[in-house]
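Subject: Structure handover

Hello,

Here is the structure we spoke about. Please load it before reading on.

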Amino acid sequence: MNDQLALPAELTIYSAAELRRQLLAHVDAHAQDEVCRVDGAAVDQVDAAGLQLLVSLARTLAPLGRTLRLDRPSAALVAACETLGLTSSLIEAMPERAQA
Amino acid sequence: MSANDADQSFIQEALPAFISEAQEQIEALEQLLLQLEDQPGNRELLDALFRCAHTIKGSAGIFGLDAVVGFTHHVENLLDRLREGQLQLSPDLSTLLLQCNDQIRALVDEAQHPGSDSAEARARREALVQRLQAAAGAAGDGAAAGAAPVADPGDVPASQRRWRLHVRFGADTFRNGMDPLSILGYLRGLGSLHGTVCDLDAVPRLEALDAESCHLVIDTLLDSAAAREQIEGAFSFVREDIDLELAELAEQQREAAARIEAMPDSVRLGDILASAGAISRPRLQQGLQAQAQAASQGETLPLGEVLQTRAGVGEQVISAALRKQQNLRESGNAAPADDQRFIRVQADRLDAVMNLLGELVIASAGATALARASRQPSLVEANQQIGALVEEIRNSTLQLRMVPIGETFSRFRRVVRDTAAELQKDVALEIVGGDTELDKSVVERIADPLMHLVRNALDHGLETAEQRTAAGKPPRGRLTLAACHESGSILIRISDDGRGIARQKVLERAWERGLLEHGSVPDDAAILNLIFEPGFSTAEKVTNLSGRGVGMDVVRRNIEALRGSVTIASEAGQGSCIEIRLPLTLAIIDGFLVGVGPSKFIFPLDAVDEVIENRPTASGLDGAGRGRVELRGQVLPVVSLRALYALDSPPPERSSVVVIRSGGRRFGVLVDQLLGQHQTVIKPLARMFRSLRGMSGSSILGNGEVALIFDVHSLCQLAERPPGTPVRHSTHGIQATADLS
């Protein structure tokens, strides 16, 4: 079981800068893990800045041969991903790719 | 939304526009809901309803009004269920949705005046949300704002067009407080979005990412009936730093359909099609002949069908043209989300133009007088030309202020629905002539009297279903609001097919109240007009809706304050009809100019009954200038303007009396000179004159002199005051004496 980083309730522009630092630290701290796990259960408010951060995280991991796995995405997070056309890249595909 | 002050001020500036638009959407929502009650299952209404809710939610999202977004989201969910046919609109559901709409209205008001949201209101909202969720059958999915279900991709419905949007958001989008997520949510309000793709490669890696800069590039398909401007409108707040490609996925037919949308008004289907290039004129002729032939054989074939089968015009094109035609026919009725033809102008700007125009009319009159005095024919002619142009500008500017009365009328749908339900009556409201136009300020001020009359008709006029059936009438009562233009004024008619007015009861009440001498029976019209007398009410029981006896006289006073009149006709057992006549505008009136010493005054011409010219100045006036004169054997109370307003000029030997009618009473006003009819541009009273009683405004005469315009009703009250009460708070009091002879 990997260590998970729990996403904050507010996945928005207000927390984006701080969260970016946390994500960077998280990526570095678990540099050996193939799957980088992030827990989305607490996410209550999402905006595009928050989603962009997750995309950026996925983009960071890819060239390192690692994958992002978004666990337990909340309804708000799922809905936001769907609106922005990120369902396949952030929610559905990740766990499968993680299996592969 | 953002720490940036500039953004805050931007939102502050844009917020009023949002609020006024949201209020319109809320109004449209209400109307749609009420229409839907009559035609449940009408897919177009349901779609329009959904769009309204969506637009409110979407634009509220742009402003970060989370409470509005959150609540409207639940409403939208339920509407979606209705739209998909998973639920049928029941009366209960309709009531619930109307209540929710009230709640949205309250929330939008709250956005305007923050801090008015009480715990009680929140609890009420919470209860509504629970009922909505229960009704939608999907309690608490926990989905937050913006989480509407995504529509399935598939074939584009005929009435819609498919657009491809490619959007590269500017780096400052987030910092400017904008959220692409809300913008997409808004787009979804215009139709259905599918195939949304976010370009992952455009987003830098974490190391290189400025988390507050936006790097999103979105590509999506939108199926929507909305016009290009509407779609672009979704991006209006980010327009400056955005790269938007909006292309319609169009075949040639779709282009033709688009041309039809953009075409000038024409109501003949064939014309629409032909000028859009969808059909050639000869073919159209053929089609028309075929249609005529069918008609001669007693068949009715819609032209659209003929052209589709015979001339091979695409169904899509025909339906676009039909829609256009429909829109043209319905224009004037509420056409939600179709305001492309209008520009929004602040009312006070119009008023400012109107004011300037008044100045122009006056200045031009002055110039014309000077030109005449100069006796230079060319100058006179030039001035006449200017005068004619000014006249034209005046008329078209007055036209700008004209608004259809339909909006005011349709507000009553809800009133009728709720009031009828409360009284357990079944009432259908019919609206006729909603596109009749009149001055905006008149429309605003007529709403209250109308409301009273409508409630009165519901409360006293219309019977319950049982009573109606017993009287051999259809159980459903009918209330009609109609408007039309009639000889320079507007005529508003409120009629019902209720029990009518019982003349005997009116008479008895009038005797009892001392409004009539006991036992005297005037003619029918006079009896009916008694109900407009102060202190009159025939309601057998006082309900909380009307019947407190403060009604009809106030209604008449309000209408007369607008220089209008009201009459009533009634047939026992058949119903009543109240007619209100109003001037088209309040900005310019026909006035009657009089002089007292060097001062000039204007009476509204409608209020002048007759004039008595050049008679010996009346004697026997009291200290406040009141007295009586004899007019054809009757005693007429008169008031002297010189005394009433403490004018210093010496009275002439002979004076004239202007006989004024107000609210059924007549009185005379003593003046020095009668100067005749005068086109009067009404200007507001300067502040220092505001305390002056009996005046409603001022006007500037062609020679630059100022004339004061009387408010006939309050002048009447002044004239009727018991002697001894001061007319105004004047430092020198009333100096003129009664010694006028």
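This is a predicted model: local features need pLDDT of at least 70, side-chain atom pairs count only at pLDDT 80 or more; totals for chains, interfaces and linings use all residues.

Nonpolar cores

The largest nonpolar core has 107 residues. Those with the most contacts inside it are A:Leu51, A:Leu77, B:Leu165, B:Leu187 and B:Phe235. Helix α1 of chain B, residues 5-38, gives the largest share of this core, with twelve residues.

What does B:Phe235 touch, leaving out residues up to four places away in sequence? The list is B:Leu165, B:Val167, B:Phe169, B:Ile183, B:Leu187, B:Ile242 and B:Leu244. Two of these, B:Leu165 and B:Leu187, are also named with B:Phe235 for the most contacts inside the largest core.

The four-stranded sheet

Chain B has an open sheet of four strands, in the order β2-β3-β1-β4. The pairing is antiparallel. The edges are β2 (191-198) and β4 (242-248) of chain B, and each pairs on one side only. From one strand to the next, the twist averages 20°.

Six bridges join β2(B) to β3 of chain B, residues 217-224. These two strands run antiparallel. Within β3(B), B:Leu221 is the bridge partner of B:His194. Helix α6 of chain B, residues 180-190, packs on the sheet. Helix α6 touches β1 (161-169), β2 and β3 of chain B. The direction of α6 makes about 145° with that of β2(B).

A strand residue: B:Thr480

B:Thr480 sits in strand β8 of chain B, residues 477-486. Is B:Thr480 buried or exposed? The relative accessible area of B:Thr480 is 14%, so this residue counts as buried, the cut-off being under 20%. Beyond residues up to four places away in sequence, B:Thr480 touches B:Glu430, B:Val432, B:Arg493, B:Ile494 and B:Ser495.

Cysteines

How many disulfides does the structure hold over all chains? The count is zero. A disulfide needs the two sulfur atoms within 2.5 Å. A:Cys81 is buried, at 0% relative accessibility. B:Cys100 is buried too, with a relative accessible area of 0%.

Best wishes

Note on methods. Residues are numbered from 1 along each chain as its sequence is written. Chains are lettered from A and ligands numbered from 1 in the order in which they are written. Side-chain values use heavy atoms; hydrogens and water are left out. A nonpolar core is a set of buried Ala, Val, Leu, Ile, Met, Phe, Trp, Tyr and Cys residues joined through side-chain atoms within 4.5 Å. Buried means under 20% relative accessible area, exposed over 50%, partly exposed in between (1.4 Å probe, protein chains only). Contact means heavy atoms within 4.5 Å. Two strands pair if DSSP finds at least two bridges between them. Axes are lines fitted to C-alpha atoms, for helices over the stretch in contact, and angles run from 0 to 180 degrees between N-to-C directions.
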